[in-house]
Amino acid sequence: MSAHSDAHPPSAARHGAGIQVRRVYDAPSPIDGTRVLVDRLWPRGVSKERAALDLWLKDIAPSTALREWFGHDPARWEGFCQRYRAELDANPACVEQLETLARKGPMTLLFGARNTEQNEAVVLAAYLRERSA
């Protein structure tokens, strides 16, 4: 699921190709680059040492109201994506902070959800890649 690959030229990494998405519960990897937790709540059972974060960017996470509305219900996934993208559009400072980090090298967006395909980090990574294209 990693978007980072040695097959990408160095310039591609500077333009969003080096953005990965992983669960914060997974062990850190040497290819993670900058590790950013993008959840509003700290993940249960994970120590700060184990998380090995470079940044916890709570303010980029979906609003509490959106997170509670979504409730990880697959039937609400498309609506969640649209609403979260609107929140990202309204949060340029945090988006720019992540874009700056992504231009410097590989970056891994960390999340705590069990669902590895339908979570805010997946939406955020796609959003950042689209903006850098």
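Student: Are Asp32 and Arg22 buried or exposed?
Tutor: Asp32 is buried, and Arg22 is buried too, where buried means under 20% relative accessible area, exposed over 50% and partly exposed in between, with a 1.4 Å probe and protein chains only. Please keep in mind that this is a predicted model, in which local features need pLDDT of at least 70 and side-chain atom pairs count only at pLDDT 80 or more, while totals for chains, interfaces and linings use all residues. Residues are numbered from 1 along each chain as its sequence is written, and side-chain values use heavy atoms, leaving out hydrogens and water.

Student: OK, and how do the side chains of Asp32 and Arg22 meet?
Tutor: They meet in a salt bridge, at 2.9 Å from N to O; the term stands for a side-chain nitrogen of Lys or Arg within 4 Å of a carboxyl oxygen of Asp or Glu. Asp32 lies in the loop between β1 (19-23) and β2 (34-37) and Arg22 in strand β1, so the pair ties together parts that are ten residues apart in sequence.

Student: Which residues are linked in a network of salt bridges?
Tutor: Arg22, Asp32 and Arg35 are linked in that way.

Student: Switching topic, what does Arg131 pair with?
Tutor: The side chain of Arg131 meets that of Glu99 in a salt bridge of 2.6 Å, N to O. Arg131 lies in helix α6 and Glu99 in helix α5 (residues 92-104), so the pair ties together parts that are 32 residues apart in sequence; helices (H or I, at least four residues) and strands (E, at least two) are DSSP runs, numbered from the N terminus.

Student: And how many salt bridges are there in the whole structure?
Tutor: A search of the whole structure finds four.
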